[in-house]
Protein chains: 2
Amino acid sequence: MKAGVLFSGGKDSALAALLLAPHYEVEVVTFVSGAGRNLAAVEAAGAALGLAWRRALLPGEVLGAAIDRLVADGYPNNAINLVHRWALEALAREYPVVADGTRFDDRVPMLGPDEARSLMDRCGCAYVRPLLGFPRAEVDRLAGRYLAIERGETGRIPNGDYECELRAGLRERGIDPTPIFPSSHEQTLVRGRKR
Amino acid sequence: MKAGVLFSGGKDSALAALLLAPHYEVEVVTFVSGAGRNLAAVEAAGAALGLAWRRALLPGEVLGAAIDRLVADGYPNNAINLVHRWALEALAREYPVVADGTRFDDRVPMLGPDEARSLMDRCGCAYVRPLLGFPRAEVDRLAGRYLAIERGETGRIPNGDYECELRAGLRERGIDPTPIFPSSHEQTLVRGRKR
């Protein structure tokens with residue numbers, strides 16, 4: 001069974017894909033709005049995991065709606081959820097099983113139980129979250145066991161997290177993203193697979 | 001890392017243990033109140049999965065409290081949750097990681113997010129639910145792919161489900177369990193592993 005896994009190149013989505021790989025024909029997919037964006041490091045992360053990787057288009061109007069939301073709210077949670085849900089639905093048009101790296105402890109992005117059921121009912125897909133039953137400490141321990149991980153603040157690390165897109169979109173509108181996002185948000189990028 | 005997995009011999013706990021086995025030193029554990037209870041089929045299910053199996057004691061006072069609850073409520077949900085939580089806590093005294101086969105769609109037994117966090121905080125364990133992020137259809141598809149499964153109503157199939165214990169406990173008190181439990185509740189027992 002083919003499974004499309006949302007993939008930022010970070011440790012959580014990478015671990016989710018690794019846990020699914022023995023049981024599904026996994027493809028990892030990174031959604032970005034700009035065709036010109038450099039995703040070489042994300043592609044390399046997919047290759048390091050031995051997984052098929054591809055980029056997919058996050059349309060300008062979806063990113064625009066998320067940035068509208070970001071500006072209206074003054075904080076990023078709803079905007080990130082909006083992009084995440086759109087990406088899951090887009091993936092569900094192509095794969096019978098869609099997956100992501102959301103964990104038990106995550107708050108954003110996160111679909112509630114009713115939203116997850118609605119996604120499956122509307123799209124006729126199975127939505128699988130292999131890390132949903134794992135607390136953060138176990139996710140980090142397993143990720144550290146299987147993955148060589150680089151860490152750094154958003155914007156300093158070339159992963160495919162939605163936050164990069166949203167920050168860039170704000171800057172294009174002449175809005176400083178600094179006060180809208182948490183002052184410290186460590187991102188991760190998978191640089192290799194430990195054997 | 002050692003992981004103790006609550007195990008009834010049914011498809012869900014078996015699949016949960018199988019998914020964890022590449023990443024943990026898994027032991028599957030069946031809690032029963034009577035030392036004399038025949039668990040040969042459950043032991044055989046563990047052996048079919050290539051996993052270390054053992055029985056553990058559900059004390060008479062725990063089963064008694066659950067049956068009190070069952071009688072007071074007139075339905076089994078809270079009684080089953082009571083036994084399940086006690087078993088998880090007992091397991092957490094022995095293993096750094098405890099796990100079970102609860103799924104995304106399960107209602108009983110099920111710990112809410114706050115209860116799961118409380119278990120981990122109180123016991124210093126990680127509580128892992130490998131099927132929590134899997135909808136029922138995917139659990140059943142994967143179980144069918146990896147496991148040879150026998151199906152039947154509670155009491156007709158020799159697995160280690162809590163319902164058997166609770167029904168027996170009611171009968172010992174001269175109470176007919178029939179009206180308290182759902183009239184139809186299909187149980188499963190793993191009879192082998194498909195390769």
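**Two chains, piece by piece**

Guide: Chain A can be laid on chain B by a turn of 180° and a shift of 0.0 Å along the axis, with an RMSD of 0.0 Å. That is the relation of a two-fold axis. Copies are superposed by least squares on the C-alpha atoms of residues with pLDDT of at least 70 in both.

Visitor: Where does the model come from, and how do I read the labels?
Guide: This is a predicted model: local features need pLDDT of at least 70, side-chain atom pairs count only at pLDDT 80 or more, and totals for chains, interfaces and linings use all residues. Residues are numbered from 1 along each chain as its sequence is written, while chains are lettered from A and ligands numbered from 1 in the order in which they are written.

Visitor: How many residues of chain A are in contact with chain B?
Guide: 16 residues of chain A are in contact with 16 residues of chain B. Contact means that the C-beta atoms of two residues, placed from the backbone, lie within 7 Å.

Visitor: Which elements of chain A supply that side?
Guide: β5 (126–128) and α6 (136–146) of chain A each supply at least two of its residues. Helices (H or I, at least four residues) and strands (E, at least two) are DSSP runs, numbered from the N terminus.

Visitor: How do the residues on that side divide?
Guide: On the side of chain A that touches chain B, twelve are nonpolar, two polar and two charged. Here Ala, Val, Leu, Ile, Met, Phe, Trp, Tyr, Cys and Pro count as nonpolar, Asp, Glu, Lys and Arg as charged, and the others, Gly among them, as polar.

Visitor: Why do the copies meet through the same surface?
Guide: Because 100% of the interface residues of chain A are also interface residues in chain B.

Visitor: Let's switch to the fold. How many helices and strands does chain A have?
Guide: Chain A has seven helices and seven strands. From the N terminus on, they run β-α-β-α-β-α-α-β-α-β-α-β-α-β. The radius of gyration of chain A is 16 Å, close to the 16 Å that the globule rule gives for 195 residues, so chain A is as compact as a globular protein of that length. That radius is taken over C-alpha atoms, and the rule is 2.2 Å times the number of residues to the power 0.38.

Visitor: What share of chain A counts as buried?
Guide: 45% of its 195 residues. A residue is buried if 20 or more other C-beta atoms lie within 10 Å of its own, exposed if 12 or fewer, and partly exposed in between, with C-beta atoms placed from the backbone.

Visitor: Is Lys11(A) buried or exposed?
Guide: Lys11(A) is buried, with 26 other C-beta atoms within 10 Å. Lys11(A) lies in helix α1 (residues 11–20) of chain A. Leaving aside neighbours within four places in sequence, its contacts are Ala143(A), Leu147(A), Ile149(A), Thr188(A) and Val190(A).

Visitor: And Gly60(A), buried or exposed?
Guide: Gly60(A) is exposed, with 11 other C-beta atoms within 10 Å. Gly60(A) is found in helix α3 (residues 60–73) of chain A. Gly60(A) and Gly34(A) are 26 residues apart in sequence and 8.4 Å apart in space, C-alpha to C-alpha.

Visitor: Over to chain B. What does strand β1 of chain B pair with?
Guide: β1(B) pairs with β2(B) in the parallel sense over five bridges. Strands pair if DSSP finds at least two bridges between them. The bridge partner of Lys2(B) in β2(B) is Glu25(B). β1 (residues 2–6) of chain B is mostly covered, with four of its five residues buried. Ala3(B) is found in this strand. Ala3(B) counts as buried, with 24 C-beta neighbours inside 10 Å.

Visitor: What do the buried residues of α7(B) pack against?
Guide: They pack against β2 (25–32), α3 (60–73) and α4 (77–92) of chain B. Among the buried residues of α7 (residues 162–172) of chain B are Tyr162(B), Leu166(B) and Leu170(B). Just after α7(B), Gly174(B) takes a positive phi of about 75°.

Visitor: Which peptide bond in chain A is cis?
Guide: The one from Val108(A) to Pro109(A) is cis, with omega near -10°. Pro109(A) is in the loop between β4 (97–99) and α5 (113–123) of chain A. In chain B, the bond from Val108(B) to Pro109(B) is cis, with omega near -10°. Most peptide bonds are trans.
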